[in-house]
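These notebook entries record what I looked up in the structure.

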Amino acid sequence: MMDLKLFKLINRLSGRFSPVDQLMILISNRVRYAYLLIIVLMLFKNRFNKRIALETGIAIIISFFSHFFIHIFYLKPRPFIKRRVGILIPSKRDSSFPSKHTMLAFAASTTIFMFHRTLGTIMMWMSALTGFSRVWVGHHYPSDIIGSALLGSLTSLVARIISFSKFGNKPEAS
């Protein structure tokens, strides 16, 4: 019930001020390209950053598989399917949980945060904005976003364990 109230509180704001709506649409649909750019740049910087980029890639792959398997076994209707709500952009009619955008964003930002506090903090804020924008545009409930953020961060920790077992401790700067 609290989830629906919070959803309505946020979603009611959409459609009232076009520049904010456009910003939320941009964040919802395009911020993932900023993550991709950061990861690609890290691949070419040095061995330390290359290893972080590869570990981030592992976290993202784990997130994709997790998202896929959760969708097979769990269906939670999106807000616009069960209720009349404002949606700013078209969406698939698949399960609301987990939010793939949010899950992938937190998988990447959490991994980078473990090694680059400043960049990771900026990316965590971008991830939080991504999740918020998904509620704003009417695609997810707040609980979907919180759960997806936790799952994305968890996949990052799993990737850290895999990387640690394969390559040893923290990547060395070169």
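Entry 1: I located I72 in helix 3; helices are DSSP runs of H or I with at least four residues, numbered from the N terminus. The model is a predicted one, in which local features need pLDDT of at least 70, side-chain atom pairs count only at pLDDT 80 or more, and totals for chains, interfaces and linings use all residues. Residues are numbered from 1 along each chain as its sequence is written, and side-chain values use heavy atoms, with hydrogens and water left out.

I noted I72 as partly exposed, because its relative accessible area is 46%, and the class lies between buried (under 20%) and exposed (over 50%), with a 1.4 Å probe and protein chains only. I72 belongs to a nonpolar surface patch with I61, F65, F68, F69, F73 and Y74, and together they have about 810 Å² of accessible area. Such a patch joins nonpolar side chains within 5 Å, from residues with over 30% relative accessible area and no salt bridge. The areas come from the Shrake-Rupley method with a 1.4 Å probe.

**Entry 2: Pockets.** I read a pocket as an open set of points on a 1 Å grid where a 1.4 Å probe fits, with protein on both sides within 12 Å along at least five of seven lines; lining residues have an atom within 4 Å of a point. The largest pocket has a volume of about 370 Å³, taken as the space filled by probe spheres set on the points. Its lining holds 16 residues, with R32, Y35, I60, F64 and L104 nearest the centre. Helix 2 gives the largest share of this lining, 8 residues.

For the second largest pocket I recorded a volume of about 250 Å³. Of its 17 lining residues, R78, K92, K100, H101 and R134 lie nearest the centre.

**Entry 3: Salt bridges.** I found 4 salt bridges in the structure, each a side-chain nitrogen of Lys or Arg within 4 Å of a carboxyl oxygen of Asp or Glu. R160 and E55 meet in one of them at 2.8 Å, N to O. This pair links helix 7 with helix 3 across 105 residues, and both partners are buried.

Which residue does R78 meet in a salt bridge? Its partner is D94, at 2.7 Å, N to O. R78 is buried at 6% relative accessible area, whereas D94 is partly exposed at 24%. I also noted that salt bridges with shared partners join D3, K76 and D144 into one network.

Key:
Helices (H or I, at least four residues) and strands (E, at least two) are DSSP runs, numbered from the N terminus. Patches are made of residues with over 30% relative accessible area and no salt bridge: like charges are joined within 9 Å, nonpolar side chains (Val, Leu, Ile, Met, Phe, Trp, Tyr) within 5 Å.
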